[in-house]
Amino acid sequence: AHCLGRYPGIIRKGQLLHISLNDNLLVPYIIEKLRDNELAIAIATRLNLSGADELYLAQFNALVAFGDVAGAAKVAAQSPRSCLRTPATIHKFLQMTPQPGQPQ
């Protein structure tokens, strides 16, 4: 498993302790244990991690259904690991009818 980094620390007895985060488990942990989808999306976006793909897809689909071209484009652009930068996403954009005053 790939780790985000190792963080050293010293415990009370003077021993060196290294802590590392498993990037494959961090976002799923936030979703399942902390039940904080906003935090999961923010962490996945900032660190380009997997695990929030379904949240991004749900957010994207809601914006598409609402006709929010700009919002959907922003979500697709920010999606980690390019999970929404696919031919299927482009096809959805081509089928969208933008709301008045929105870019096409």
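**View 1. Helix 2 has an outward face and a buried face.** The face of helix 2 turned away from its buried side carries Glu 38 and Arg 46, both exposed. This is a predicted model. Helix 2 covers residues 37–47, and its buried residues are Ala 40, Ile 41 and Ala 44. Seen down the helix axis, the buried residues fall within an arc of 95°, so they line one face of helix 2. What do the buried residues of helix 2 pack against? They pack against helix 1 (26–34) and helix 3 (53–66).

View 2. Phi of Asn 48 is near 55°. That is a positive value, in a residue other than glycine. Is Asn 48 buried or partly exposed? Asn 48 counts as partly exposed, because its relative accessibility is 43%, between the 20% limit for buried and the 50% limit for exposed.

**View 3. Arg 35 sits in the loop between helix 1 and helix 2.** Arg 35 has a phi near 55°. Here too the value is positive and the residue is other than glycine. Arg 35 has a relative accessible area of 69%, so it is exposed; the cut-off for exposed is over 50%.

**View 4. Arg 81 and Asp 53 form a salt bridge.** How many salt bridges does the count give? The count comes to one salt bridge. The side chains of Arg 81 and Asp 53 meet at 3.0 Å, N to O. This pair links distant parts of the chain, 28 residues apart. Arg 81 lies in the loop between helix 4 (69–78) and helix 5 (87–95). Asp 53 lies in helix 3. Arg 81 is partly exposed, with a relative accessible area of 41%. Asp 53 is also partly exposed, with a relative accessible area of 26%.

**View 5. Five residues form a nonpolar patch on the surface.** The members are Tyr 7, Ile 11, Leu 17, Ile 19 and Leu 21. Together they have about 430 Å² of accessible area. Which element gives the most to the nonpolar patch? Strand 2 (residues 16–22) does, with three residues. Leu 17 has its place in strand 2. Leu 17 is partly exposed, with a relative accessible area of 40%.

**View 6. The whole chain puts the close-ups in context.** The protein has five helices and two strands. From the N terminus on, the elements run β-β-α-α-α-α-α. The radius of gyration is 18 Å, well over the 13 Å that the globule rule gives for 104 residues, so the protein is more spread out than a compact globule. Along its principal axes, the C-alpha trace spans about 65 × 25 × 20 Å. Buried residues make up 25% of the 104 residues. The protein exposes about 7400 Å², and carbon and sulfur atoms supply 57% of that area. Now take the contacts between residues at least 6 apart in sequence: 36% of these join residues at least 24 apart.

Key. Residues are numbered from 1 along each chain as its sequence is written. This is a predicted model: local features need pLDDT of at least 70, side-chain atom pairs count only at pLDDT 80 or more; totals for chains, interfaces and linings use all residues. Side-chain values use heavy atoms; hydrogens and water are left out. Patches are made of residues with over 30% relative accessible area and no salt bridge: like charges are joined within 9 Å, nonpolar side chains (Val, Leu, Ile, Met, Phe, Trp, Tyr) within 5 Å. Accessible areas come from the Shrake-Rupley method with a 1.4 Å probe; for residues, only the protein chains shown count as cover. A salt bridge is a side-chain nitrogen of Lys or Arg within 4 Å of a carboxyl oxygen of Asp or Glu. Helices (H or I, at least four residues) and strands (E, at least two) are DSSP runs, numbered from the N terminus. Buried means under 20% relative accessible area, exposed over 50%, partly exposed in between (1.4 Å probe, protein chains only). The radius of gyration is taken over C-alpha atoms; the globule rule is 2.2 Å times the number of residues to the power 0.38. Contact means heavy atoms within 4.5 Å. The arc is that of the directions from the helix axis to the C-beta atoms.
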